[in-house]
Amino acid sequence: DQFSQAYYMVGNWKEIYENAAGLGKANNSIGGFTFQFSDGWWKFGQTKNLDVHDNNASWGNGGYDRDFLEGENNMNEEWFGVCAKGQTNQRGLYELYPRAAYYALKEAHRYNPYGSDASIDNINGFFSGISLMDAVVKARGDKAALNSEQTKKVRISGLRAELTTFNTGGNLISTNQNNLSEKRSYPDRLGFDHTESFFVEVEAKPSESVRMNVSVNMLGNVATNPINEIFYENRGRARTVNTDEGNLTVGDINRLQVYQSDFTWNHKQFDLKGFYRTDHYHWGYEGDFFGLYPEANYGPNIDIYNGNAPFGFEMNGKRKFKDFKLAFGPELWWGANPAVLLKYSKKLGHTDVSAIFHEDIDEQGPAVSSFAIPMPKTRRATLHLKRKFGKLRLEAGGIWGGQPLVGRSFQVVDEKDGKYEVYQDEIQMKDTWGGKAKVMFSSGPFNWYAQGAAMGLVAFGGADYTRTFTGWKLKDSGSGNQYNFLSGFTYLIGDFQIAPNFLWQKPVLGPIPVDVPAPGRPRNIVDDPFAVRQNRETIAGEILFTFDPTPGTWMYDWDNDMTEDAPLAISAGLVYRHLPTTQDASIGIFADGRTTFAFPGAPPAQDLWEVHGRIVSKMSPNFGFIAKAYGGNAQANGSDDRLIHRFGGDLRMIYKHVKLSSMLKIDDWGPFDYHRDFNQTYPLQVMADLSTTVAKPSWFNLPNTRLGVQYNWRTLDEYSPRYCPTSSIDASGASICNPGALGFGTGREWEIRTYLHINIGM
């Protein structure tokens, strides 16, 4: 039965039951496995290192007394594997190569314990006659065959080529018009162009416990006409530089670059994992109550903006150091300062205790996206306590953060009778303290939580990456300078769940309005010790509906696109935010992608709402689709006060070896951060991508061998970049677009992209 399997796998099913019973479809991770309790049944599966042969011992089991030592781990995530997997073929299938355990178990299963001659003596005699060395010898041949698929020390583990053509056009746009000032930016022309991008992946494995991968990107030609002008390969575009002999065009720039790298080292005393532009997980479920160490998994965005995060390593202690965890690196997450984090976790009686110390070593270099603006250099420490009382779970913690900011000055504005008074203040030690508490209750189909926090002006934490019962959008931002309270519950009726949620938050010191007289000005996170942004005064509510007939593949898992197996699963929600004040200023980035600046202010007070939905259908192994939709109003990140009303959605569909991806947006921002920063919108955006693959297509946009065509089409108005119905001549004789000219209607731009991707894994 499944409880017995859980017992043998973990060694204490009672503890797991107490952790998960009554949580409905909530997840509980132990020893690298995810356990789910639903309708009286356990469902479990490994969730970490699924793409590697993981021989790391991560938990102990006294049932195996030959290799068990008190306080030591003797069980790993793949202890039950009796065969090794070979390389996959085009159908996603692979050969199995028996290990020694297979041949030993094969002999063991020849004995019939129900036979007439079965006895303890006969059983002992039979098993003592099984030769483990014979099993090892037989397995050596299979291992040799497996090793013939891959060299053992250093090997080329993958080759990838991405060949793309672009054919672009449009009207009433600045692109390709003579003498326009915008011609100096990209795209700089219409018509036909092409890009070639090649990747070589090398794996080094000096021993069974050490492994390293590195991927290098090489460029051929780089197109200058794509309408999505920011992409990974654009680092190789020609640049014009000023010299003593005049302007000089430099063509071959950065043609060869390390794309990503990672390494692992499984030592008796520690596990070491290094990463460069590969992902790592957060510590939210391991005692990081204030989000000091966030998840770093940015998908295609890190390529689009040519970022280097995450960059660093993690170390998990073993044996005497098993309670410690360390992270160190130049940019552990996007926008992070060079830093070191040390975590200590211990169970004291029935209470889980965790402490984290974070020290910024230096300040980060220039930002590459307004999504990841570095925070001021800081020093932080947190303490977290967690304990369960039957169906009730309590968590509480404190944070001390921002000590290097003590003594820095900031402005405070007081309004009296419509007039502003501007005062100067400075950060004090009391502004570095904060606290948070959370209570969760679970009983059968009903789950409820409540949490609250009081955070000093510079007691910054991080966003909450954990899931509480379901996929709510309203969460604690983790910012300093705020009081907040959240509460919500879920109720399960069969396969249907209803989940209302509530948020109240208010900054300790509010934002500075944009119309404050000099020397007053809105704060920003670069020039001031703190700013009011995510901690903006808010009263918000949401309600979330979920229909999920297969809770073993939870609707809100990060990889649900891949794992969902329901014929039909649906989630839909409404979020409403009452925002009675403005914000402080955000940070923007100029067109060069490196120079940052502070906006002069922020949009005014406004109530915002949004509806959203997601449908997943896996009707058969050969056919399925995933659809998303949204609608509502929204404000820009920068200072533009125009309120937009946007709607849109996307659809992905797979039938056998054919994949269709499509997108529709109405009156929404463009694809890049700066579009929302500067409130640049398009009346209509349409995309359709049809491709065929050698192997079964992936729901994620992962490297694959495929051939496809993509069509992008946009309409432009006075709020769109590159809209140019008329032009005028400035004092220097250059033509300048007049996007506000009346009576010319909408412009348009379009792109037909063909691509061939070759991906060879070795």
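**The nonpolar surface patch**

Author: The accessible surface of the protein comes to about 38,000 Å², and 57% of this belongs to carbon and sulfur atoms; such areas follow the Shrake-Rupley method with a 1.4 Å probe, and for residues only the protein chains shown count as cover. The model is predicted: local features need pLDDT of at least 70 and side-chain atom pairs pLDDT 80 or more, whereas totals for chains, interfaces and linings use all residues. Residues are numbered from 1 along each chain as its sequence is written, and side-chain values use heavy atoms, without hydrogens and water.

A nonpolar patch on the surface is formed by Ile156, Leu159, Leu163, Phe198, Met218, Leu256, Leu707, Leu756, Ile758 and Ile760, which together have about 790 Å² of accessible area. Patch residues have over 30% relative accessible area and no salt bridge; nonpolar side chains (Val, Leu, Ile, Met, Phe, Trp, Tyr) are joined within 5 Å, like charges within 9 Å. A salt bridge places a side-chain nitrogen of Lys or Arg within 4 Å of a carboxyl oxygen of Asp or Glu. Strand E8 (154-171) and strand E39 (747-761) each give two or more residues to the patch; strands are DSSP runs of at least two residues, helices (H or I) of at least four, numbered from the N terminus.

Leu256 belongs to strand E13 (residues 256-266). With a relative accessible area of 55%, Leu256 is exposed: exposed means over 50%, buried under 20%, partly exposed in between (1.4 Å probe, protein chains only). Of the protein's 762 residues, 43% count as buried.
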